[in-house]
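The sequence and the structure are shown first, and the description follows.

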Amino acid sequence: MSTLRASQLTHSFGDITIFDGLDLQLDRGCTGVVGENGSGKTTLLRMIAGDLPPDGGSLTVDGRVLLVPQSVEVMTEAIAAFADGDGYALRGRLGLKATMLDRWPTLSSGASP
């Protein structure tokens, strides 16, 4: 059984088409989303998390989705909850420790200077 299914997903920002007929199925497990800047990675993840509705098509998500913003300026409640226990199993698989959040102020945002 898939935990995520997108069928004929479409989304645009003004005249810029991000998705046009995207079909996607993901099963339980870890999945990486990789692509060039501006290719729609964050748009897709926001749709999966329910923060942004698609313009067309259907999107079905079975389970809970936690969207962690790409910003390191502010530690959100969602990040703190993940560190405190909400993400225990995933943290274990990734080899992360809650104490690693002590480094938060030194993290790079990935933005060019």
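## Surface and burial

The protein exposes about 8200 Å², of which carbon and sulfur atoms supply 52%. The model is a predicted one. Of its 113 residues, 19% count as buried.

One nonpolar patch on the surface is formed by Leu 90, Leu 94, Leu 96 and Met 100. Together these four residues have about 320 Å² of accessible area. Leu 94 belongs to helix α3, which covers residues 88–94.

## Overall architecture

Three helices and three strands make up the secondary structure of the protein. Along the sequence they follow the pattern β-β-α-β-α-α.

Among the contacts in the protein with a separation of 6 or more, 49% are between residues 24 or more positions apart.

## The nonpolar core

The largest nonpolar core has nine residues: Leu 4, Ala 6, Leu 9, Ile 18, Phe 19, Leu 44, Met 47, Ile 48 and Leu 52. At least two residues of this core come from each of β1 (2–13), β2 (16–27) and α1 (41–49).

Leu 44, one of the core residues, touches Leu 9, Phe 19, Leu 22 and Leu 24, when residues up to four places away in sequence are not counted.

Thr 43 lies in helix α1. Its relative accessible area is 11%, and Thr 43 is therefore buried, the cut-off being under 20%.

With residues up to four places away in sequence not counted, Thr 43 touches His 11, Phe 13, Ile 18, Phe 19 and Leu 52. Among these, Ile 18, Phe 19 and Leu 52 are members of the largest nonpolar core.

His 11 is found in strand β1. Is this residue buried or exposed? His 11 counts as buried because its relative accessibility is 4%, and buried means under 20%.

The side chain of His 11 is joined to that of Asp 55 by a polar contact of 3.4 Å. Leaving aside neighbours within four places in sequence, His 11 is in contact with Ile 16, Thr 17, Ile 18 and Phe 19, and also with Thr 43, Met 47, Leu 52, Pro 53, Pro 54 and Asp 55.

Terms used:
Residues are numbered from 1 along each chain as its sequence is written. This is a predicted model: local features need pLDDT of at least 70, side-chain atom pairs count only at pLDDT 80 or more; totals for chains, interfaces and linings use all residues. Side-chain values use heavy atoms; hydrogens and water are left out. Patches are made of residues with over 30% relative accessible area and no salt bridge: like charges are joined within 9 Å, nonpolar side chains (Val, Leu, Ile, Met, Phe, Trp, Tyr) within 5 Å. Accessible areas come from the Shrake-Rupley method with a 1.4 Å probe; for residues, only the protein chains shown count as cover. A salt bridge is a side-chain nitrogen of Lys or Arg within 4 Å of a carboxyl oxygen of Asp or Glu. Helices (H or I, at least four residues) and strands (E, at least two) are DSSP runs, numbered from the N terminus. A nonpolar core is a set of buried Ala, Val, Leu, Ile, Met, Phe, Trp, Tyr and Cys residues joined through side-chain atoms within 4.5 Å. Buried means under 20% relative accessible area, exposed over 50%, partly exposed in between (1.4 Å probe, protein chains only). Contact means heavy atoms within 4.5 Å. A polar contact is a pair of N or O atoms within 3.5 Å; within protein, one must be able to donate a hydrogen and the other to accept it, and residues adjacent in sequence count only if both atoms are side-chain atoms.
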